[in-house]
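I wanted to look up how the side chains pair and pack in this model.

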Amino acid sequence: MDVKTFAELEETPTLDKVDLLLLTEYYEAYLVPYIYSIKFEDGNEIEIKFNQDNFCHLIGLHKPAEKKFGKNSYQVKLYKGNRGYSRIKDGSITKPKLKALNKGAYADMRDKMVNFYKIHTLLENAEAVYY
């Protein structure tokens with residue numbers, strides 16, 4: 001599926017329909033170029049910006065590597081920040097490779113990956129609910 005189709009989905013896709021490269025394309029097209037501003041009833045305002053080096057953290061890309069190599073391993077750094085992002089773009093990091101590192105940690109990424117397309121819509125239509 002292309003990035004525009006992904007961004008406009010009305011139903012959550014299955015994991016086999018979503019790959020890491022598609023997620024980076026969505027991130028670049030719908031999140032990185034914008035600053036999302038949310039104003040609260042009390043007058044406070046927050047701005048949310050997305051940078052390339054935050055992508056891996058958002059989907060938990062480093063988690064399977066941490067489970068395989070240990071949290072402080074040098075190899076985990078290959079799955080974080082700009083390094084991880086670049087490795088997705090060049091095909092060095094793929095879903096099957098992440099799954100091979102640790103199936104449980106990869107499974108934990110599922111909901112983040114299949115629901116990633118909702119982020120821009122949520123931010124554009126943000127409402128605060130007070131309890």
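Entry 1, a pair in a helix. I looked up Glu-66 and Lys-63, which sit 3 residues apart in helix α4 (residues 62-69) and are therefore separated by about one helical turn. Their side chains meet in a salt bridge, at 3.8 Å from N to O. I note that the model is predicted. Are the two partners buried or exposed? Glu-66 counts as buried, at 12% relative accessibility, because the cut-off for buried is under 20%. Lys-63, at 39%, counts as partly exposed.

I searched the whole structure and found 4 salt bridges. Among them is the one between Glu-8 and Lys-4, at 2.6 Å from N to O. I have Glu-8 down as partly exposed at 49% relative accessibility, and Lys-4 as partly exposed at 46%. Another one joins Arg-110 to Asp-111, with the closest N and O atoms 2.7 Å apart. Arg-110 is partly exposed, with a relative accessible area of 36%, and Asp-111 is partly exposed at 49%.

I counted 12 aromatic pairs. For one of them, Tyr-27 with Phe-50, I noted an edge-to-face arrangement, 6.0 Å centre to centre and with 85° between the planes. What does this pair tie together? Tyr-27 lies in helix α2 and Phe-50 in the loop between β2 (45-49) and α3, so the pair links parts that are 23 residues apart in sequence. Both Tyr-27 and Phe-50 are buried. I also find the two in one aromatic cluster, whose members include Phe-6, Tyr-26, Tyr-30, Phe-55, Tyr-85 and Phe-116.

I looked at Tyr-79 and found Arg-87 over its face, 5.3 Å from the ring centre.

How many residues does the largest nonpolar core have? I find 33, and those with the most contacts inside it are Leu-20, Leu-23, Phe-55, Leu-61, Leu-98 and Phe-116. The elements that give two or more residues to this core include α1 (3-7), α2 (20-31), β1 (35-39) and α7 (103-115). Of the elements, α2 gives the most, with 6 residues.

I left aside the neighbours within four places in sequence and listed what Leu-20 is in contact with. The list holds Phe-55, Ile-59, Leu-61, Ile-88, Ile-93, Thr-94, Lys-95, Leu-98 and Met-113. Of these, I had already noted Phe-55, Leu-61 and Leu-98 among the residues with the most contacts inside the core.

Technical notes:
Residues are numbered from 1 along each chain as its sequence is written. This is a predicted model: local features need pLDDT of at least 70, side-chain atom pairs count only at pLDDT 80 or more; totals for chains, interfaces and linings use all residues. Side-chain values use heavy atoms; hydrogens and water are left out. A nonpolar core is a set of buried Ala, Val, Leu, Ile, Met, Phe, Trp, Tyr and Cys residues joined through side-chain atoms within 4.5 Å. Buried means under 20% relative accessible area, exposed over 50%, partly exposed in between (1.4 Å probe, protein chains only). Helices (H or I, at least four residues) and strands (E, at least two) are DSSP runs, numbered from the N terminus. Contact means heavy atoms within 4.5 Å. Rings of Phe, Tyr and Trp (its six-membered ring) pair if their centres lie within 6.5 Å; planes under 30 degrees apart count as stacked, over 60 as edge-to-face and the rest as tilted. A charge sits over a ring if NZ of Lys or CZ of Arg is within 6 Å of the ring centre and within 35 degrees of the ring normal.
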